[in-house]
Amino acid sequence: GMEIAPALPASLRPPFGSGLITERMFLVALSFAYFAKALTGSYMKSTITQLERRFDISSYLIGVIDGSFEIGNLLVIAFVSYFGAKLHRPKIIAMGCLLMAVGTFLIALPHFLIGRYKFETSVRPSVNSTNNLSPCPASSHRALSPRSLSSGPATGCERESRISMWIYVLLGNVLRGIGETPVQPLGISYIDDYALEENAAFYIGCVQTISVIGPVFGYLLGAVCARIYVDVGFVNMDDISIAPGDARWVGAWWLGYLIAGFIILLAAVPFWFLPKTLPVPVDKKKAEKVPPECTSFIKDSPRLEPKWQADEPNGFFEMAKDFLPTVKSLLGNPVYFLYLCVTIIQFNSLIGMVTYKPKYIEEHYGQSTSTANFLMGTINIPAVALGMFSGGVVMKKFKLSVLGAAKFALATSLLGYFLSMFFFAMGCENSKVAGITVSYDSVLFVTCNSDCQCSGRDWDPVCGEDGITYVSACLAGCHSSSGSGKNMVFDQCSCIATGNQTATAGHCHLRKDCDHIFPYFLALSVITSFIISLGGTPGYMLLIRCIKPQLKSLALGFHTLATRTLAGIPAPIYFGAIIDTTCLKWGQKSCGGRGACRIYDTTAYRLVYLGLTLGLRTVSFFLCAWGFVVLRRHVRREERTALTNGGSAGAELEANADQSPRASEQNSERETRL
């Protein structure tokens, strides 16, 4: 029933009018789907530090979870590209959106299974009395020691050990990856098959623009949710002793996933009602009658999947036989091979950097998760979008040749690289934490707190009057406390030498040099993001123009596949693993065992994070220079043959040059996905 219904009216329909309406409908639906997937992807990136804290996992594991999206993508990309084109494309996109929505809801599921979030505290405030437990349990009062594990934490223990809850996040992300796969190749090919040539480029531009807006809203949603406490509505907020800037704070990360999942569900709806085919416009019919050597320019457009439409009778095995030799000849093209290597290395650098950038802003400059996400959405992403758009404009305005495009891409890349060096200078020194970054006398347990039975493992920092953070009130040698929640004050702290020997709950925020340098960091961040993304579109055009037209689809498909496998998956994993090495103090899980990192060695973090980003780019420039030499030789050779053959090669380049608006397409998609 469903299949026949849309096909029936096609014959009764006026040949073009209502087809155009459906075409516009499809465009709106596809734009919204792009928006939804970009929003969810960037929201995922925005919750990284909160997921670490909530599930007590290291950055390395977060990298694995982050890369699982790409794994889901790769599982099905071949099937979708091959069979999708033969089936009902809008319906397959709808199913993809449904899968994405299910995956997104699955990510939020653990919140409803896991119980309340218990952050580490060394003092459990009782609400009724003003003078609560002494922060310094004397040796005789062993019972009061928070580490004598009462029945409370132990029960939480058994529940958590049954299944690691982050597995759900991983699985949800894999499902998101599987569901996202058909949206781009099938959506773009649908537009390409049924839209007029001049409209198609404009439509694809529309879809891309929308997908740049998605991440802005994703990060803003991240900023809003990070301000709301994780168990909002279930706990009395007055008892919560931590503020959003605290290393143990977890926002309502699950809320954003529910909202994003709902948005994707909405995106799926219109695709169910769109027809399998539209009337083919007149200019496409004319194109069929063109002599065969021209068709490759007219019909072929950069598209993720090779154009194996149903009209090829020779079947799958014929194609499979062709496949390996074709890939061989592609990789045998030195320009393409070097381009592939350069972009893979640059993407490793880019994806690793973008994934942990909000974390860097939090850990290094002491900003809250909410602020970091807000800045990513309002400052960083728009700069990238503007850069890519401007790159396309420059290409068109100055009609850059292949070599011109290569020079432009290389120049912007180098400029961005040298400017990025200044990030090394924009550091803050470590925050002062007694026993970790500054010594009491180089050890955690000293005479001033020796009369207390302290657990060295707890992370429940207090800020002394002396501007030094102590790992817990007990380790600051405090003997009494008053107030509750965030307003707790500790008195008679024997380790604090100055003033009235008082301390307040929470980490110290007295890092003047940090707050002073942070605006400069943001400004440089915007400028470098803009400059680096300027070269995106021209670099992409290079790829399209240096390949034989009949190999173009495969070249693009293979490029996407290679960057996803060799950059999208590994980069977050090894960036995370290396960032983990700079941790100074790991949190404790409620049952013991290593949790999330509470404090990093700021300087080491900066050197490792920036060093890795820039180190990879340094390597890529050596390959770039080599590629440039090869390309120049290639272009000279083309020019020589053009002179002998009466300018046919020149015409070939011209024919390809018209496609620049369409070319910016996947490039912007790739960058926004980050």
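Let's start with a strand pair: β6 (residues 583–588) and β7 run antiparallel to each other, joined over four bridges. Strands here are DSSP E runs of at least two residues, helices are H or I runs of at least four, both numbered from the N terminus, and two strands pair if DSSP finds at least two bridges between them. Across this pairing, Trp586 sits opposite Cys597 of β7. Strand β7 itself (residues 594–600) is mostly covered, with six of its seven residues buried. Buried means under 20% relative accessible area, against over 50% for exposed and partly exposed in between, using a 1.4 Å probe and protein chains only.

A word on what you're looking at: this is a predicted model, where local features need pLDDT of at least 70 and side-chain atom pairs count only at pLDDT 80 or more, while totals for chains, interfaces and linings use all residues. Residues are numbered from 1 along each chain as its sequence is written, and side-chain values use heavy atoms, with hydrogens and water left out.

Now to the open sheet. Its five strands come in the order β2-β1-β5-β4-β3, with antiparallel pairing. The edges belong to β2 (469–470) and β3 (480–482), each with a single partner strand, so one side of each has no neighbour in the sheet. Further in, β4 (residues 489–491) and β5 (residues 503–505) run antiparallel and are joined by two bridges; Phe490 has Ala503 in β5 as its bridge partner.

Next, the helices. Helix α15 (residues 357–365) meets helix α22 (residues 602–644), their axes coming within 10 Å and crossing at roughly 160°. Those axes are lines fitted to C-alpha atoms over the stretch in contact, and angles run from 0 to 180 degrees between N-to-C directions. That makes α15 roughly antiparallel to α22, the label for angles over 145 degrees. On the α15 side, the contact is made by Lys357, Lys359, Tyr360, Glu363 and His364, and on the α22 side by Thr602, Tyr605, Arg606, Tyr609 and Leu610. Contact means heavy atoms within 4.5 Å.

How enclosed is α15? Nine of its nine residues are buried, so the rest of the structure largely encloses this helix. The buried residues include charged-type names such as Lys357, Lys359, Glu362 and Glu363. Just after α15, Gly366 takes a positive phi of about 65°.

Stepping back, the chain has 24 helices and seven strands. Of its 674 residues, 55% count as buried.

Notes: Angles under 35 degrees count as roughly parallel, over 145 as roughly antiparallel, 65 to 115 as roughly perpendicular and the rest as oblique.
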